[in-house]
Amino acid sequence: MPELFRAAQVAPMTAGHLLLTDAVVVVDGQEIVDVGGVADMKRVYSGPVRDLGDVVLAPATFNSHVHLEMSHLLGVTTQGQGFVPWVKSLVAQPLYALDRARVRAELLRMEQRGVAFVADISTHNASAVGEILSGSGLGFTAFREVIGREVPADPAELLPQVRAVEDCGRGVMSVAGHALYSTSAERLRAAKAVARERGLPYSLHLAEHTDEDGILLTGKSEFLDLLISRGVITGYDAPGKRPAPLAAELGLLDEDTLCVHGVTLTDADVALVAKSGASVCLCPRSNEYIGVGQAPLRTYLAAGVNVCLGTDGLCSNTDLDPYGEVAWLLAHYPELSLSEVLALATVNPARFFARSVAQAARLGSLAPGKLARFSVVPQAVLDILSQR
Ligand SMILES: [Zn+2]
């Protein structure tokens with residue numbers, strides 16, 4: 001028999017239904033069968049009513065960019081002084097010393113806060129993180145991030161095969177490029193080709209900070225000097241192009257690419273990304289933590305870009321709950337409504353990841369046939385709205 005979950009407000013995130021008052025989500029087993037006003041739903045369904053009280057019930061959220069392998073680095077990096085001081089403090093740490101128990105604890109915490117899908121980037125521990133994600137209750141994409149120069153004779157080697165991921169049916173392994181300056185054009189293109197051949201999503205840190213623009217345009221940057229001194233890259237020929245035009249020229253941008261950060265894009269760059277069909281993942285709290293400025297959200301929205309939200313890793317944020325990003329945006333963009341911002345953590349990432357992960361197609365909104373996975377909008381978010 002279906003159960004009726006009643007809340008003071010429900011945000012179904014479906015077209016034409018922004019916020020329902022005194023509403024019910026009807027659930028049968030794992031699946032939503034109906035959404036509507038209490039009186040209407042009670043006339044149709046006779047199941048028990050579970051009253052959730054004076055809350056705003058929303059779809060479970062997506063965290064579209066996180067680095068779980070760095071979950072042990074909470075609070076140890078330099079804040080607010082820009083990218084180079086931050087990355088110096090980061091590389092002084094045991095970066096890839098995966099703490100499995102900590103990762104499991106963070107996944108559980110996310111699930112408890114209403115996260116249903118995670119897109120992880122791991123450089124040295126992608127298979128291990130994929131296994132851990134397989135054992136969680138979350139949908140996921142576990143990206144193996146490539147960095148450096150060489151391309152293996154068989155590029156398929158870039159994509160880890162993880163039996164637990166294949167068996168669990170809730171996620172996929174894929175490949176991601178680190179960034180245009182840290183990874184050779186050939187390696188980035190090889191990784192994109194591997195993903196494209198298999199219908200998998202691709203991810204790339206794009207235009208996170210002005211040092212990235214400087215490296216690509218002129219080859220002169222304190223950050224580049226740091227990368228060379230650490231042996232991450234050897235020698236460098238600046239392509240003389242801005243990040244977005246370069247990514248487009250390399251064939252890295254299409255509907256299955258998620259550009260992460262997108263802070264320093266110009267209006268023309270945003271138009272280029274919009275034309276490519278690529279999605280963009282903003283990480284506003286991480287950008288603020290590091291001190292690299294903020295992405296031009298209004299320009300993205302005006303250009304019709306599919307914008308998603310990620311927390312980034314605990315090396316540049318205080319928690320992995322995308323509602324922190326929702327709160328940040330609502331506080332900084334007073335003209336945006338709850339539904340408009342919530343879309344960045346629900347329907348928009350569902351649209352992107354559903355192209356390659358079946359589980360994602362069943363998340364992101366509260367509608368018949370979708371999975372009964374919810375989040376409750378935190379009081380901190382509601383307080384921001386009430387203070388406007
Ligand atoms: Zn990242």
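Start just after helix 7, at Gly 219, which takes a positive phi of about 80°. Helices here are DSSP runs of H or I with at least four residues, strands are runs of E with at least two, and both are numbered from the N terminus.

Before moving on, note that this is a predicted model, where local features need pLDDT of at least 70, side-chain atom pairs count only at pLDDT 80 or more, and totals for chains, interfaces and linings use all residues. Residues are numbered from 1 along each chain as its sequence is written, and side-chain values use heavy atoms, with hydrogens and water left out.

**Helix 7**

Select residues 210–218, which form helix 7. Which of its residues are buried? They are Glu 212, Asp 213, Gly 214, Ile 215 and Leu 216. Buried means under 20% relative accessible area, exposed means over 50%, and partly exposed lies in between (1.4 Å probe, protein chains only). Now show the neighbours: these buried residues pack against strand 10, helix 8 (222–229) and helix 9 (243–249). Contact means heavy atoms within 4.5 Å.

**The zinc ion**

Next, pick the zinc ion. His 65, His 67 and His 205 coordinate the zinc ion, each through NE2, at 2.0 to 2.2 Å. Donors are N, O and S atoms within 2.8 Å of the metal (3.2 Å for Na, K and Ca); water is not among the atoms, so sites may look incomplete. Along the sequence, the donor spacing reads H-x1-H-x137-H. His 67 sits in the loop between strand 6 (61–66) and helix 2 (83–91), while His 205 is in strand 10 (residues 202–206). That pair links distant parts of the chain, 138 residues apart. Both His 67 and His 205 are buried.

**The nonpolar cores**

Select Leu 68, Leu 180, Leu 206, Phe 223 and Tyr 300. These have the most contacts inside the largest nonpolar core, which has 120 residues. A nonpolar core is a set of buried Ala, Val, Leu, Ile, Met, Phe, Trp, Tyr and Cys residues joined through side-chain atoms within 4.5 Å. Zoom in on Tyr 300. Leaving out residues up to four places away in sequence, Tyr 300 touches Gly 262, Leu 265, Val 270, Val 280, Leu 282, Ala 295, Val 305 and Val 307. Then find the second, separate core of 13 residues, including Ala 7, Val 10, Ile 32 and Leu 57.

**The pockets**

The largest pocket has a volume of about 540 Å³. On a 1 Å grid over the protein atoms alone, a pocket is an open set of points with protein on both sides within 12 Å along at least five of seven lines; a cavity is a set where a 1.4 Å probe fits but cannot get out; lining residues have an atom within 4 Å of a point. Grid points are joined across faces, edges and corners, and a volume is the space filled by probe spheres set on the points.

Of the 28 lining residues, Val 87, Leu 90, Tyr 96, Ile 147 and His 178 lie nearest the centre of the largest pocket. Helix 2 gives the largest share of this lining, 5 residues.

The second largest pocket holds about 300 Å³. Select Arg 149, Ser 184, Ala 185, Tyr 236 and Asp 237, which lie nearest its centre among 18 lining residues. Helix 6 (residues 185–197) gives the most to this lining, with 3 residues.

**The cavity**

Last stop. The whole structure has 1 cavity of 30 Å³ or more. About 40 Å³ of space lies in this largest cavity. Residues lining the largest cavity include Leu 282, Cys 283, Trp 328 and Tyr 333.
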